[in-house]
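Visitor: I have a model open here. Can you take me through a few spots?
Guide: Go ahead and show it.

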Amino acid sequence: MAATSVYERVTQLLQDKEAQAALSIKEGNHLTEQLATAIQRLTEKIREDPDGRDKWTQHKARGEALAKQWAACMRKLRLVKEHEGLVAKAPGATKPQEKAPHVAVNQSLKRTQQILRQEMDRAGHVQARLVEGKSHLKQSNDSYTELDAELSRTRKLLTELQLQANKDRIWIGAGVALLSISVTIIVVERLPVLGFFLSYIY
């Protein structure tokens, strides 16, 4: 089937609601494939025929627009067929009313809205948990910062205490040395023998 005939067929179906209702899913899928094939051939024509590029580009643009409209029509048709199948299988099913397709579409939209609300609620819970976790992390960071500052002050104090202890040891060592010298001198002067030797020497 040529691209023009496919375009005309799809355009006619898009304008005729009764023809759409009588169309089967298989026929609709077949038309979708024909549209895709026609668009692909036009793409090849654009490459093969540079002189007629504008004409083929216009045909391709028309085909792509029809393909989008037909895809939306097929989605609606699938919903209608699905609804009709469910109604036919239901116990005590009666002949569907003329507005059944609209009811099916509305029900599908309601289900979609319900799913979206559930996802939004779930996203809200996740966001709340993330905010709570961020708050806990900030508190932990503040605690670690305070602890680090306290450790720095403690290290500084220990360093000062160590320096003071070293100074104290030096002073104590010097005092002990002076005391030892003084005691030695006193002992030497007090002992008679040592005094004798000292007097003999001097």
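Visitor: Is threonine 43 buried or exposed?
Guide: Threonine 43 is buried, at a relative accessible area of 18%. Buried means under 20%, exposed over 50% and partly exposed in between, with a 1.4 Å probe and protein chains only. This is a predicted model: local features need pLDDT of at least 70 and side-chain atom pairs 80 or more, while totals for chains, interfaces and linings use all residues. Residues are numbered from 1 along each chain as its sequence is written, and side-chain values use heavy atoms, without hydrogens and water.

Visitor: Which helix is threonine 43 in?
Guide: Threonine 43 lies in α3. Helices are DSSP runs of H or I, at least four residues, numbered from the N terminus.

Visitor: And what does the side chain of lysine 60 do with it?
Guide: The side chains of threonine 43 and lysine 60 make a polar contact at 3.2 Å. That is a pair of N or O atoms within 3.5 Å, one able to donate a hydrogen and the other to accept it; residues adjacent in sequence count only if both atoms are side-chain atoms.

Visitor: Different topic. What does tyrosine 7 contact?
Guide: Beyond its neighbours within four places in sequence, tyrosine 7 is in contact (heavy atoms within 4.5 Å) with residues including Leu35, His59 and Lys60.

Visitor: Where is the charged end of lysine 55?
Guide: Over the ring of tryptophan 56, 4.3 Å from its centre. The criterion is NZ of Lys or CZ of Arg within 6 Å of the ring centre and within 35 degrees of the ring normal.

Visitor: What about residues 170-188?
Guide: They are 100% helix and 0% strand (strands are E runs of at least two), with end C-alpha atoms 27 Å apart.
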